[in-house]
Amino acid sequence: MTTKTTWPLVRVLRDRDAGLCLSGVVVSGFGTSALWLASGVWVKDLTGSDGLAALCVLAMWLPTLAGPLLGTLADRGRRKPLLMGVNLLPAALLLTLVSVDGPGDLWLLYAVLFVYGAAGVVHDAAESALVARAVDPGLLGDFNGLRTTATEGMKLLAPLAGAGLCAAYGGASVALLDAATFVLAAGLYALLRVREERPAPPTGSGRQRTAEGARHLWAHPVLRPLVLAGGATMLCAGLNGALVYAVVDDLGHSPAYTGVLYAVQGAGSVAAGPLCGPALRRLGTRRFAASGIALLAPAVAFRAVPSDPVALVCSAAIGMGLPAVLIAALTSVQRETPGALLGRVTATANTLVFTPNVVGLAAGAALVELVSHRLVLVALGVVLLVTAAALRQSPASAERTISRSSSDASPA
């Protein structure tokens, strides 16, 4: 077996632009994950209100609903300078948070977090388009798998660092740290050697340009089933996430034990990331996504068993299975979408996939008070199995051919 096949990390890092893009993801991901938790802690310290603290997450997430519209910005100009700009803008705004020192200043924090979230939507769309141009098509699956490893790794480390920094020096110190990570990420993107032509002047109204991305996504025979399966999976994941405290209570532990389960889940995702590229080439996008959902299904269902070892194994399996459909969908969007549309299609796909997660969290919070969480978990496992089976129905041989570059034509 060649090193090229065995070590996808080496394959990506040997590519200068791929390594720079991945480094940008790690740096900005650390700052975002740190701020995600620290902002809520900061508001809780200032006000004592759980509801006001929860609004921080809502402010950061809300712009995702406007993903199709915000994605058009990523198609209006060259993506490299846009990525630099959407990193420097939040960095400048975060500096204003040093003046927040009481409940009367919270409007500024929420406003900055809202703009922060909107910039993140544009950032993700532009990054997807730039990566598709900067990274060899044969490395896209490996890159997106390692991107998941980097993102989940930051989620394990950064929130603890952010919470500790907030407790020691206040929320403003975390804002300054996050601003520094954005400046560093902008510098990394500036080093990319990517030649981009200026896009043609836009035609039609803004609504028409936004709709172009949705039409491409819905009409595409590969992208539509992947995005629909991703949305269904994330809806179930949201419901499952809302039940975690009931699971922990059933195990006889304090609510703090949820941190252990989430850490094990994150470790599962970190471990799975480097395997995604080879799995995508071998299975094709649909079969790869379906396999991940099929692993996720029993892991969710067996959380109904009140056993610590079972709960830990299920958390690791959830962490390994859940990213598959997300990676498959993103990689397919990058491969199957013309460059001029890629920002809009990426943002639209992200909205369709991730919005159901929030809906699931809200529905699960209400459902857990009305129905046994064990019954709901088993039902979610059945729904996920049906989703995996539906995704596997179409032949994947053509996808396997498409997803390989010429250098990957002869697997070991």
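## Nonpolar surface patch

Helix H4 supplies the largest share of the nonpolar patch, three residues. In this predicted model, the patch covers about 610 Å² and is made by Leu52, Leu55, Leu58, Leu62, Leu65, Leu89, Phe114 and Val115. Two elements, H4 (50-61) and H7 (106-134), each give two or more residues to the patch.

Leu62 sits in the loop between H4 and helix H5 (67-71). Its relative accessibility is 36%, so Leu62 counts as partly exposed.

## Ser128 in helix H7

Helix H7 also holds Ser128. Ser128 has a relative accessible area of 4% and is therefore buried, the cut-off being under 20%.

The side chain of Ser128 makes a polar contact of 3.1 Å with the side chain of Thr346. Beyond the neighbours within four places in sequence, Ser128 is in contact with Leu330, Gln334, Leu342 and Thr346.

## Nonpolar cores

The largest nonpolar core contains 51 residues, and Leu226, Phe288, Ile293, Val300, Leu384 and Leu391 have the most contacts inside it. At least two residues of this core come from each of H11 (223-242), H12 (244-251), H14 (276-283), H15 (285-301), H16 (308-336), H17 (342-367) and H18 (373-392). The greatest contribution to this core is that of H16, with eleven residues.

Leu391, when neighbours within four places in sequence are left aside, is in contact with Pro225, Leu226, Ala229, Arg286, Ala289, Ala290 and Ile293. Another core, of 30 residues, lies apart from the largest one; Ala74, Val122, Ala134 and Val194 are among its members.

Terms used: Residues are numbered from 1 along each chain as its sequence is written. This is a predicted model: local features need pLDDT of at least 70, side-chain atom pairs count only at pLDDT 80 or more; totals for chains, interfaces and linings use all residues. Side-chain values use heavy atoms; hydrogens and water are left out. Patches are made of residues with over 30% relative accessible area and no salt bridge: like charges are joined within 9 Å, nonpolar side chains (Val, Leu, Ile, Met, Phe, Trp, Tyr) within 5 Å. Accessible areas come from the Shrake-Rupley method with a 1.4 Å probe; for residues, only the protein chains shown count as cover. A salt bridge is a side-chain nitrogen of Lys or Arg within 4 Å of a carboxyl oxygen of Asp or Glu. Helices (H or I, at least four residues) and strands (E, at least two) are DSSP runs, numbered from the N terminus. Buried means under 20% relative accessible area, exposed over 50%, partly exposed in between (1.4 Å probe, protein chains only). A polar contact is a pair of N or O atoms within 3.5 Å; within protein, one must be able to donate a hydrogen and the other to accept it, and residues adjacent in sequence count only if both atoms are side-chain atoms. Contact means heavy atoms within 4.5 Å. A nonpolar core is a set of buried Ala, Val, Leu, Ile, Met, Phe, Trp, Tyr and Cys residues joined through side-chain atoms within 4.5 Å.
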